[in-house]
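Please work through each task with the sequence and the model at hand before reading the solution.

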Amino acid sequence: MKKALSLVLSAVLLLSVLALASCGQKKDENVLTVGASATPHADILAQVVDAMKEKGDTLQIVTYNDYIHPNKALNDGEIDANYFQHSPYLESFNASNGTELVSAAKIHYEPFGIYGNGVTDLKKLPEGASIIIPADDSNETRALLLLAQEGLITLPADASASKGVTTLDIVDAHGYKVIAVEAETVPAQLANSDAGTIAVINGNYAIGAGLNIADALATEDASGDAAQTYANIIAVKKGNENDPRIKALIEVLETEAVRQFIADTYKGAVVAIF
């Protein structure tokens with residue numbers, strides 16, 4: 001009997017220890033973990049760490065150097081939100097992965113730019129030149145629309161951001177070689193390319209590579225539809241849009257101080273959209 005009672009007490013003690021351990025591993029409700037690209041997203045988030053602390057929340061920033069892992073981490077619950085992408089990319093990711101991630105707020109817009117290796121005028125781009133663009137669905141569409149805007153390629157008359165286009169949809173490449181590669185590798189591939197090559201580069205990767213938007217051969221119109229369509233967002237899992245910590249983050253981001261930081265720091269390469 002004593003042995004049986006001892007076993008029962010031991011089992012209860014073990015369950016209590018496990019319960020305490022479980023409680024110790026529970027996520028702190030006052031900590032908000034946000035995944036972000038290093039530039040400009042993490043830099044912008046760093047500006048509101050103190051403001052979040054004043055609201056009683058600790059903002060933890062996790063940086064990523066690609067466009068896949070931040071959404072996987074968000075869906076898996078490793079982070080509470082992320083800040084690196086626009087809605088068309090998020091919708092494409094959801095469709096491909098069966099996830100339900102949603103936008104909680106639009107924060108800024110990064111105009112795409114065309115940059116050249118030894119090219120100073122797009123009108124003088126030599127025949128047969130290579131044009132490097134990002135390969136993922138939404139950014140490939142965006143890059144191709146910019147090339148079409150500049151008359152470098154011809155797309156179908158009904159081509160649009162909502163429908164999406166790929167290199168397979170190019171009606172006339174005008175003798176150029178359009179090469180789609182991973183977005184994060186575009187700046188390096190341009191730097192190592194033959195003279196006469198141009199590339200369409202995402203704003204954050206251009207900044208990270210030390211490229212100045214003022215030196216771009218062409219850019220998207222920041223006052224046009226692209227600004228709303230491709231605004232970079234705070235993304236969360238569906239149902240978490242009204243999480244008080246998310247609301248607090250959006251509130252401290254959508255301030256004149258953050259708007260001024262963006263304007264002073266990025267000088268047109270990043271534009272506040274709130």
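**Exercise 1.** Determine how many of the ten residues of helix α10 are buried, and which they are.

*Solution.* Step 1: locate helix α10, which spans residues 244–253; helices (H or I, at least four residues) and strands (E, at least two) are DSSP runs, numbered from the N terminus. Step 2: apply the accessibility classes, in which buried means under 20% relative accessible area, exposed over 50%, and partly exposed in between (1.4 Å probe, protein chains only). Step 3: seven of the ten residues are buried, and the helix is thus mostly covered. The buried residues are Arg245, Ile246, Ala248, Leu249, Ile250, Val252 and Leu253. Step 4: inspect the start of α10, where a side-chain oxygen of aspartate 243 comes to within 2.8 Å of the backbone nitrogen of arginine 245.

The model is predicted: local features need pLDDT of at least 70, side-chain atom pairs count only at pLDDT 80 or more, and totals for chains, interfaces and linings use all residues. Residues are numbered from 1 along each chain as its sequence is written, and side-chain values use heavy atoms, with hydrogens and water left out.

**Exercise 2.** Find the salt bridge between lysine 55 and glutamate 251, and state which parts of the chain the pair ties together.

*Solution.* Step 2: the side chains of lysine 55 and glutamate 251 meet at 3.1 Å, N to O. Step 3: lysine 55 lies in the loop between α3 (49–54) and β2 (58–64) and glutamate 251 in helix α10, so the pair joins parts 196 residues apart in sequence. Step 4: lysine 55 is partly exposed, its relative accessible area being 38%.

**Exercise 3.** Is the salt-bridge partner pair arginine 142 and glutamate 220 buried or exposed?

*Solution.* Step 1: in this salt bridge, the closest N and O atoms are 2.8 Å apart. Step 2: the pair links distant parts of the chain, with arginine 142 in helix α6 and glutamate 220 in the loop between β9 (218–219) and α9 (225–229), 78 residues apart. Step 3: both arginine 142 and glutamate 220 are buried.

**Exercise 4.** Describe the surroundings of leucine 145.

*Solution.* Step 1: leucine 145 belongs to helix α6 (residues 137–149) and is partly exposed, at 25% relative accessible area. Step 2: not counting residues up to four places away in sequence, leucine 145 touches Leu155, Ala159, Ser160, Ala161 and Tyr230, contact meaning heavy atoms within 4.5 Å.

Conventions:
Polar contact = N/O pair within 3.5 Å; in protein donor to acceptor, adjacent residues only side chain to side chain. Salt bridge = Lys/Arg side-chain N within 4 Å of Asp/Glu carboxyl O.
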